[in-house]
Amino acid sequence: MVKTERYFERRGAVTLLFAKFVPGLSTVAAPIAGQTGMPYGRFVVYDLVGSALWALAYLLAGFFFGDIAQRSQGFFAMLGHFAVFIFVAMVLGLMFWKFWKQRKFLLSVRQMRLEPAELMGMIEMAEQQGNIPPFIVDLRHPLDYLPDPRVVPGSVRVSPTDLTAHSALLPRDRDLILYCTCPSEETSAKVALQLHKLGISRVRPLRGGFEGWRNAGYPLIDYVPPVEAAELTSSTAA
């Protein structure tokens with residue numbers, strides 16, 4: 001949704017010309033056009049032209065590949081004999097791509113992680129110097145609160161979906177620290193990467209998450225919703 005709004009901000013109605021070629025964009029393009037106040041007549045014209053371009057592209061592709069298929073019947077017959085090998089190669093290639101993508105993700109996580117000792121130092125420094133403390137977000141699932149409902153001091157409980165959906169309400173003047181209970185801080189890392197893409201650069205996952213902080217012997221407190229949590233919750237309900 002955010003990317004779609006940015007498309008409309010930069011290109012306006014021209015977005016409708018190529019919206020059907022982008023998966024997901026075509027579904028939300030019409031509602032976003034209405035939200036931006038695009039005149040109905042202009043929307044109809046650009047949407048019709050975009051539909052015509054989309055249909056024409058498929059027709060031209062059909063003519064092109066149909067002609068190739070007629071001229072290359074021997075080649076396609078040969079491919080039929082190796083269909084099993086081609087299928088296996090495609091499956092292996094897909095598995096390798098997913099493995100590479102996961103490894104790249106884990107490398108990004110390692111570069112972004114914040115050690116519990118570093119966070120504790122940031123909290124103590126803010127208290128001693130009277131500065132604004134880091135904005136700490138508890139991303140744990142409600143069921144994860146049952147064994148230990150306490151939180152890191154100054155934490156705000158927000159679900160990953162609500163946090164990314166209402167990123168405009170997040171402070172930009174201080175560090176944003178995320179923690180969860182997932183192995184290798186997976187949830188925190190994914191949310192951190194999403195926020196990075198939305199232009200929030202001062203965001204990092206806490207190494208070891210809640211368990212890492214607790215096992216290091218750092219303080220935990222009972223949760224009291226701060227003002228920021230109330231703002232995010234009220235925005236979600238609205």
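Student: What makes Arg-140 count as sitting over the ring of Phe-210?

Tutor: The charged end of Arg-140 is 3.9 Å from the centre of that ring. The rule asks for NZ of Lys or CZ of Arg within 6 Å of the ring centre and within 35 degrees of the ring normal. Arg-157 is placed over the ring of Tyr-145 as well, at 3.7 Å from its centre. This is a predicted model, where local features need pLDDT of at least 70 and side-chain atom pairs 80 or more, while totals for chains, interfaces and linings use all residues. Residues are numbered from 1 along each chain as its sequence is written, and side-chain values use heavy atoms, without hydrogens and water.

Student: Why is the pair of Tyr-179 and Phe-210 called stacked?

Tutor: Rings of Phe, Tyr and Trp (its six-membered ring) pair if their centres lie within 6.5 Å; planes under 30 degrees apart are stacked, over 60 edge-to-face, and the rest tilted. Tyr-179 and Phe-210 have 6.4 Å centre to centre and 25° between the planes, so the pair is stacked.

Student: Why is the pair of Trp-213 and Tyr-218 called tilted?

Tutor: The centres are 4.9 Å apart and the planes are at 45°, so this pair is tilted.

Student: How do you know whether Trp-213 is buried or exposed?

Tutor: Buried means under 20% relative accessible area, exposed over 50%, and partly exposed in between (1.4 Å probe, protein chains only). Trp-213 has 0%, so Trp-213 is buried.

Student: What makes Tyr-218 partly exposed?

Tutor: Its relative accessible area is 25%, so Tyr-218 is partly exposed.
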